[in-house]
Amino acid sequence: FETTRNHFRQAMSALSREEWESANGQARTFLDSLCEEIVARLLQFKVGEPPKGGAARKHLQDTGFLDEDEADLLRTLIKVLHGKGSHPGTSAKNDSTRRLLMASATGSYYIERLTAKEDAERKDRQWMKTLADDVLEGMGFLSMLAEYQSIDFDIADIAGETVVFETAES
């Protein structure tokens, strides 16, 4: 998230230098960059370039990272941050500070959501690995590469042997 962090630092720096319009522009860029980097993180095992800008924000809704109300809030916030350009006309300290606070609070929430999602996925992968180790006792194969959109496991008793197998939708 180095690019996102850089935009946030530039927004803070512009605010401290009383460059209100520049702070406004960087607040919007920070939030756009964060959405793009979250999408890239969510698609880490996929091929191709992750979507950018509005397409990245739409992807967050389409994949369920954001529900409909959260996506509406994000669209509205982007409009507030953007106005009629990243810094139309002149701005004031309170306006710029408010914009950056809204963007940073939203960004903090999204980072918490991503962290929680990644933690849950790590626990799922650990559970699957433990299941494979315990049941297969090192004698079988279990895919842990997340190359499928959804991964499910079923257990069957075949001729008195417990067999764990992966079912996947590609």
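Predicted model: local features only at pLDDT ≥ 70, side-chain atom pairs only at ≥ 80, totals over all residues.
**Exercise 1.** Work out how helices α2 and α4 are oriented to each other.

*Solution.* 
- Step 1. Locate the helices: α2 covers residues 20–42, and α4 covers residues 68–82.
- Step 2. Take the angle. The two axes cross at roughly 150° and come within 8 Å.
- Step 3. Apply the cut-off. The angle is over 145 degrees, so α2 and α4 are roughly antiparallel.
- Step 4. The crossing of α2 and α4 is left-handed.
- Step 5. Find the contacts. From α2 come N24, A27, R28, L31, D32 and C35; in α4 they meet L74, L77, I78, L81 and H82.

**Exercise 2.** Find which residues of α4 are buried and how they are arranged around its axis.

*Solution.* 
- Step 1. Check the length. α4 has 15 residues and reaches 21 Å between its first and last C-alpha, close to the expected 21 Å.
- Step 2. List the buried residues: E70, A71, L74, L77, I78 and L81.
- Step 3. Look down the axis of α4. These buried residues fall within an arc of 120°, so they line one face of the helix.
- Step 4. Turn to the other side of α4. There E68, D69, L73 and K79 are exposed.

**Exercise 3.** Do likewise for α1, then state what follows this helix.

*Solution.* 
- Step 1. Pick out its buried residues: T4, H7, A11, A14 and L15.
- Step 2. View α1 down its axis. The buried residues fall within an arc of 105°, so they line one face.
- Step 3. E18 follows α1, and the phi of E18 is positive, near 65°.

Note on methods:
Residues numbered from 1 in each chain as written. Heavy atoms only, no water. Buried < 20%, exposed > 50% of the residue type's maximum accessible area, 1.4 Å probe, protein only. Helix = DSSP H or I, 4+ residues; strand = E, 2+ residues; numbered from the N terminus. Arc of directions from axis to C-beta. Axes fitted to C-alpha atoms, helices over the stretch in contact; angles between N-to-C directions. Parallel < 35°, antiparallel > 145°, perpendicular 65-115°, else oblique. Left-handed = near helix turned anticlockwise from the far one by under 90°. Contact = heavy atoms within 4.5 Å. Expected span 1.5 Å × (residues − 1).
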